[in-house]
Each structure stands twice: as structure tokens, then as C-alpha cells.
Amino acid sequence: MIVRLAGALLLIGGSVGLSACYARFESRRVGQSEGFLLLLRHVRAQIACFHMPLARVWETFCCPELERCGFLPALRETGDFAAALERCRRGVWVSADEMTLLRAFGSEIGRSYLEEQISCCDYYIVEFESAYARHRTERPARARLFRCLCVTGGLMLVILLL
């Protein structure tokens, strides 16, 4: 009887722990999306105001979440946005829409004249803002759904095994 009770508690604890890990994962995804949005805005501001070269722009930007996933160190090392994104794609957890926008931005930035780069940045900032807003508003509902599924699944296993 004690072994069954301990097993049931372990299953419930594991399902609650799994839901907490998922909530932390979702929080980091939103943090990475916000970091990329801040990076796009930073690039636009540095190019428009100071006509700064991209290598210097990458050096002047700081975001803890993008540092943690390895994107900013790779970007500073390679100097190429698309190559750094490809190099760190396993650590970057943004949505598919956001990843498509970032890849397109990486293929366009630094390959045209100043005014075209500014308009490119403006376009991708607007598009990324809408994708980020959608992702951020969906986050609480997704976290609640996953929490309910994990806890319910754990309770169902407890009922089946007892």
C-alpha cells in the first residue's frame, strides 16, 4: 500500500514538474522573440542614426536571452546574421513564422544601400512585432492547456495503476 502511494505521488509530482518545465520553456521562447525584436530595432537605429557598419552594430547589442542560446556570440564571431542563425538553430526556440522572418532578414541585411536597409529593417520590425504579439498573447493559454494535460495525464495514470 505504501509503495502504491509513493508511486502515485511520484507520478503526480512528475506531471507537475513537467508542466513547470514547459512553462519555463515557453517563457524563454517569448524572451528570445523579444530579444530578436530588440535586435531588429537596434540594427535599424544604428544604421539610420549613425550609419554604423554591421560588425559594430552586433558588438554594441546585448540581450541575456540571445547570449544564453548562443546566437549573439555566433553573430559576433561570424558577422553574418543568416549564418549565425543557422549555426544556433537548435538553441533558438522562436516560432516557425518568426524564424522565417529572421532568415529573410538575414539574407537581406547588409547587401544594399543605406535607405534600402532602413526600409528593410522597418518592414521586418513591423512583421516581427505582429508575430511576437501573437505568440505572446497565446502563451498563457498554451501554458494552462499544457499544465491541465500534464496533471490530468498524471492523475489518469495513477487511477489506472491503482
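1. Let's start with Glu26 and what surrounds it. Leaving out residues up to four places away in sequence, Glu26 touches His135, Arg139 and Arg142. Glu26 itself sits in helix H1. Keep in mind throughout that this is a predicted model.

2. Is Glu26 buried or exposed? It counts as buried, because its relative accessibility is 0%, and the cut-off for that label is under 20%.

3. Helix H7 bends by about 35° at Arg139. There is also a proline, Pro140, following within four residues. So far as overall span goes, H7 covers residues 114–161, 48 residues in total. From first C-alpha to last, H7 reaches 66 Å, close to the 70 Å expected at 1.5 Å a residue.

4. Now the other glutamate, Glu98. You'll find Glu98 in helix H6, residues 96–108. Glu98 is buried because its relative accessible area is 0%. Which residues does Glu98 touch, not counting those up to four places away in sequence? The list is Ser33, Phe128, Ala131, Tyr132 and His135.

5. Over to the surface. Ile12, Val16 and Leu155 form a nonpolar patch there, with about 210 Å² of accessible area together. Val16 belongs to helix H1, which runs over residues 2–50. Val16 is classed as partly exposed because its relative accessible area is 41%, and that label covers values between 20% and 50%.

6. Last stop: Leu54 in helix H2, residues 54–60. Leu54 counts as buried at 17% relative accessibility, since the cut-off is under 20%. Setting aside its neighbours within four places in sequence, Leu54 is in contact with Val43, Ile47, Ile109 and Gly110. If you want a distance to check in your viewer, Leu54 and Tyr22 are 35 Å apart, C-alpha to C-alpha, and 32 residues apart in sequence.

Notes: Residues numbered from 1 in each chain as written. Predicted model: local features only at pLDDT ≥ 70, side-chain atom pairs only at ≥ 80, totals over all residues. Heavy atoms only, no water. Helix = DSSP H or I, 4+ residues; strand = E, 2+ residues; numbered from the N terminus. Expected span 1.5 Å × (residues − 1). Bend = angle between axes of the 7 residues up to and from the residue. Patch = residues over 30% accessible without salt bridge, like charges linked within 9 Å, V, L, I, M, F, W, Y side chains within 5 Å. Areas by Shrake-Rupley, 256 points an atom, 1.4 Å probe, with all protein chains shown as cover. Salt bridge = Lys/Arg side-chain N within 4 Å of Asp/Glu carboxyl O. Buried < 20%, exposed > 50% of the residue type's maximum accessible area, 1.4 Å probe, protein only. Contact = heavy atoms within 4.5 Å.
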